[in-house]
Number of protein chains: 2
Amino acid sequence: MSRGRTSALVVREALLRAARELLDERGPAGLAIRDIAARAGVAPMGVYNRFGSKDGILNALLEEGFAELAAAVTVRPDVADPLGAITTGMGNYRAFALANPAMYRLMFDLPIAGFEPSPEVRMMALAAFERLIDAVQVGIATGHLRPGDPEEIAQRVWAGCHGATSLELRGIAFITDYDTHYAALVRTLLRGLATHPDSESE
Amino acid sequence: MSRGRTSALVVREALLRAARELLDERGPAGLAIRDIAARAGVAPMGVYNRFGSKDGILNALLEEGFAELAAAVTVRPDVADPLGAITTGMGNYRAFALANPAMYRLMFDLPIAGFEPSPEVRMMALAAFERLIDAVQVGIATGHLRPGDPEEIAQRVWAGCHGATSLELRGIAFITDYDTHYAALVRTLLRGLATHPDSESE
């Protein structure tokens, strides 16, 4: 690899790190090109050279976020206890959101007017979601979950966990013990999907 | 009522109507004081005179939104079929969100930096939520739902429906038939909460 190419990659990494820091500190609205460039010690034109546009750096951040989320929710399949594996994965999902609230908002609230994630970002989001689909498929195959479309069933579980997580991040719920509430919601969803509800929970 | 007072109320209503129109047309980010005043045919100072600040008009909009939501989700209690009443109420909740996407975002995403809803708005949000708590209490009292804290159980149902609604509004889900999916999610939540799951659904 030539020295010039190495240097270009180093600059790209520095810009992406600066953008992630600003996202974490200020939220999605704090992502101004000139601030990203200043923090990385690069001229603003350097951002355009490496990422093409502000959308380019947003997509690079989202690729990072979905890669981290996919890693967080990847749980070893457990044919003996597939619902336990889903419970662990959805707990990891919430933990990722609480540790990365601004990234979570960027990923799932589309808070930046006019910005649409790239096809690559959508593929990475699907790859993270497929971890949950896989776990649902194991649950159906082993008879723990009732038969159905694994993708639509996984979407139900995700919707529930996303709703609870979003309300917790905004603090507009009417409960106080979010740990207990989230665990109860996941249990309710899995009991609702289970083949033999009363053997699957509580 | 004096003529001056009547006129002040008329101006207040005109400003609120203009703000609601701008919210619906442009989303929460489109609520600029000068645009609200121009649409109502009032000087910008008129907004400050009637609402005190931009926060005042945001709170007035939110009071309107939560009053509409409470009316939409109010379903006649049905001791013979309390889970049917919850299903109807949560269907009305989604219909309200789809008909008022910008208002829904203002109510539940807190999209405006630095703005916190007033205590009055929080009380009206709680009043809307209490419709669901009431329905859950009927379900527990009649033995259709398993015993538990009605507020926390209602929060589980709300979280699930909020999650599905938010993802639908943003179009970032991986399913296409949102009507069927939402109905299936509500059924899953109620089956998960039911005393006798298999008699309560499908």
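Student: By what turn, in degrees, can chain A be laid on chain B?

Tutor: The model is a predicted one, and two copies of a chain are in general related by a rotation about an axis and a shift along it. Here chain A can be laid on chain B with an RMSD of 0.0 Å, and the shift along the axis is 0.0 Å. That is the relation of a two-fold axis, and the turn is 180 degrees.

Student: What percentage of the interface residues of chain A are also interface residues in chain B?

Tutor: The copies meet through the same surface, because the interface residues of chain A are also interface residues in chain B, to the extent of 100%.

One residue that touches the other chain is Thr188(B), which has among its contacts Arg156(A), Thr188(A) and Leu189(A). The percentage asked for is 100%.

Student: Is Thr188(B) buried or exposed, and with what relative accessible area?

Tutor: Thr188(B) has its place in helix α9 of chain B, residues 178-193. Leaving aside residues up to four places away in sequence, Thr188(B) touches Arg156(A), Thr188(A), Leu189(A), Gly192(A) and Leu193(A). Since buried means under 20% relative accessible area, Thr188(B) is buried, with a value of 3%.

Student: Which residues lie nearest the centre of the largest pocket?

Tutor: The largest pocket has a volume of about 1200 Å³, and its lining receives two or more residues from each of α1 (3-26), α6 (101-108) and α8 (150-170) of chain A and from α6 (101-108) and α8 (150-170) of chain B. The lining comprises 39 residues, which divide into 22 nonpolar, 7 polar and 10 charged. Nearest the centre lie Arg105(A), Pro111(A), Arg105(B), Asp109(B) and Pro111(B).

Student: Of what kind is the aromatic pair of Phe66(A) and Phe108(A)?

Tutor: A pair of aromatic rings is described by the distance of the centres and the angle of the planes, and over all chains the count comes to 16 aromatic pairs. For Phe66(A) and Phe108(A) the centres are 5.7 Å apart and the planes stand at 90 degrees. Phe66(A) lies in helix α4 (residues 54-73) of chain A and Phe108(A) in helix α6 of chain A, so the pair ties together parts that are 42 residues apart in sequence. Because planes over 60 degrees apart count as edge-to-face, the pair is edge-to-face.

Student: Which helix holds Trp158(A), the residue with which Phe108(A) forms an aromatic pair?

Tutor: Phe108(A) and Trp158(A) form an edge-to-face pair, 5.6 Å from centre to centre and with 65 degrees between the planes. Phe108(A) counts as buried at 4% relative accessibility, and Trp158(A) counts as buried at 5%. The pair links distant parts of the chain, 50 residues apart, with Phe108(A) in helix α6 of chain A and Trp158(A) in helix α8 of chain A.

Conventions: Residues are numbered from 1 along each chain as its sequence is written. Chains are lettered from A and ligands numbered from 1 in the order in which they are written. This is a predicted model: local features need pLDDT of at least 70, side-chain atom pairs count only at pLDDT 80 or more; totals for chains, interfaces and linings use all residues. Side-chain values use heavy atoms; hydrogens and water are left out. Copies are superposed by least squares on the C-alpha atoms of residues with pLDDT of at least 70 in both. Contact means heavy atoms within 4.5 Å. On a 1 Å grid over the protein atoms alone, a cavity is a set of points where a 1.4 Å probe fits but cannot get out, and a pocket is an open set with protein on both sides within 12 Å along at least five of seven lines; lining residues have an atom within 4 Å of a point. Grid points are joined across faces, edges and corners, and a volume is the space filled by probe spheres set on the points. Helices (H or I, at least four residues) and strands (E, at least two) are DSSP runs, numbered from the N terminus. Ala, Val, Leu, Ile, Met, Phe, Trp, Tyr, Cys and Pro count as nonpolar, Asp, Glu, Lys and Arg as charged, and the others, Gly among them, as polar. Buried means under 20% relative accessible area, exposed over 50%, partly exposed in between (1.4 Å probe, protein chains only). Rings of Phe, Tyr and Trp (its six-membered ring) pair if their centres lie within 6.5 Å; planes under 30 degrees apart count as stacked, over 60 as edge-to-face and the rest as tilted.
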